[in-house]
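Reader: I'm new to this structure. Could you show me how to read its helices?

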Amino acid sequence: MYDLLFQHVLRRIPAEPIHGVAFGAIRGVAGSSLVGPRLSSVLTAPDPVLRTRVFGVDFPNPLGLAAGFDKDARGPVALGNLGFGFVEIGTVTARPQPGNPKPRLFRLPADKALVNRMGFNNSGADAVAAHLATLPERRPVLGINIGKSKAATPDEAVDDYRYSARALGRFADYVVVNVSSPNTPGLRDMQQVSVLEPLLGAVRDELVSAVPGRTVPLLVKITTDLAGEDVDAVADMSVRLGLDGVVATNTTVSREGLRTPRAEVDALGAGGVSGLPLREAAQAVVGTLRAKLGPERTIISVGGIFTGEDAYQRITAGASLVQSYTGFIYGGATWPKKVNQELAVLLHRNRHRSVAAAVGTT
């Protein structure tokens, strides 16, 4: 039904406006105190094989919603009621910013992909903290993804990230430092270990100060566009700093291998590609990271997750958790339950007692 609706109606409406309408509907229905819990009981895959514990946090299932969908923490409870095991909000910057000029979000239906150059549009760390303070105690596991304000100069970048960590850390089950979006000028340069290492150390120190009595897990998000030796360098740095893990991967600036005619793609302009075209590259990065990180550190794999089989392959390659954004856009509200059901079948079929038991088994 959703496929027909998408094919004949939704794809004809510009991507960003329909996102706003759809998210509003999700918040209104799935976020309702009356309907939300009932919807959750229907859409949550109950199989205990899906439960997992990662960096000391209990997850009802390993499928999360990636950062970018709920930038301002407007609807994490509603999204959790759709069956996601966790929700990562953001990317949040210290200063409020409107992002890049519209249009800035485009569909590539032939590729089951999106192109975006949103530019970290969000209401800023203080406003997001105010939203988070209103969340009920019963909420999904919450990741908070923080990025650099566009107006912050390179010399101000560390303090910019520290501000967000200080404002938001107490609400987070884990924090992700995003240095891999292609849509903020100069941001990807911060993936160089010489720049990244002091930044992550500063954010970690800020979280320790801001959240006394609790260790907030800290991860870094990288892009699939990193060269192999750079992935190795980030992994080595993560071990050296004692980070809790890596989120891999962000969107790609590559346009290779797309089914959409090149002229159509070029006409859309700059931006990162997400969705099915990232599947193979993201899978390969998981294998590389797991070999370098060892079993102690977490990999959250994102990019090209559309089915339970996709999730299972990432987990057996070494990811403890998986995320999707574009798969959800193309799959609709019942998509999380479908993926989790497929994943549970595969775990049972291959005689894994739990998600954790399947991690890194290939």
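Predicted model: local features only at pLDDT ≥ 70, side-chain atom pairs only at ≥ 80, totals over all residues.

Reader: What span should helix α8 have at 1.5 Å a residue?

Author: Helices here are DSSP runs of H or I, at least four residues, numbered from the N terminus, and the expected span is 1.5 Å times one less than the number of residues. For α8, residues 228-241, the 14 residues should span 20 Å, and the end C-alpha atoms are 20 Å apart, which agrees.

Reader: Which residues of α8 are buried?

Author: Buried means under 20% relative accessible area, exposed over 50%, and partly exposed in between, with a 1.4 Å probe and protein chains only. In α8 the buried ones are V231, V234, A235, M237, S238 and L241. Down the axis of α8 they fall within an arc of 160° (taken from the directions from the helix axis to the C-beta atoms), so they line one face of the helix. The face turned away from that buried side carries the exposed residues E229 and R240.

Reader: What covers the buried residues of α8?

Author: The cover includes α7 (193-210), β9 (218-223), β10 (245-250) and α10 (279-293), where contact means heavy atoms within 4.5 Å. Strands such as these are DSSP runs of E, at least two residues.

Reader: At what angle do α8 and α10 pack?

Author: Two packed helices are described by the angle between their axes and the distance between the axes. Axes are lines fitted to C-alpha atoms, for helices over the stretch in contact, and angles run from 0 to 180 degrees between N-to-C directions. α8 and α10 pack at about 40°, with axes 9 Å apart. Angles under 35 degrees count as roughly parallel, over 145 as roughly antiparallel, 65 to 115 as roughly perpendicular and the rest as oblique, and α8 and α10 are therefore oblique to each other. Among the residues making the contact are V231 and A235 of α8 and L289 of α10.

Reader: How do α10 and α11 pack?

Author: α10 and α11 (residues 308-317) pack at about 20°, with their axes 9 Å apart. That makes α10 roughly parallel to α11.

How values were computed:
Residues numbered from 1 in each chain as written. Heavy atoms only, no water.
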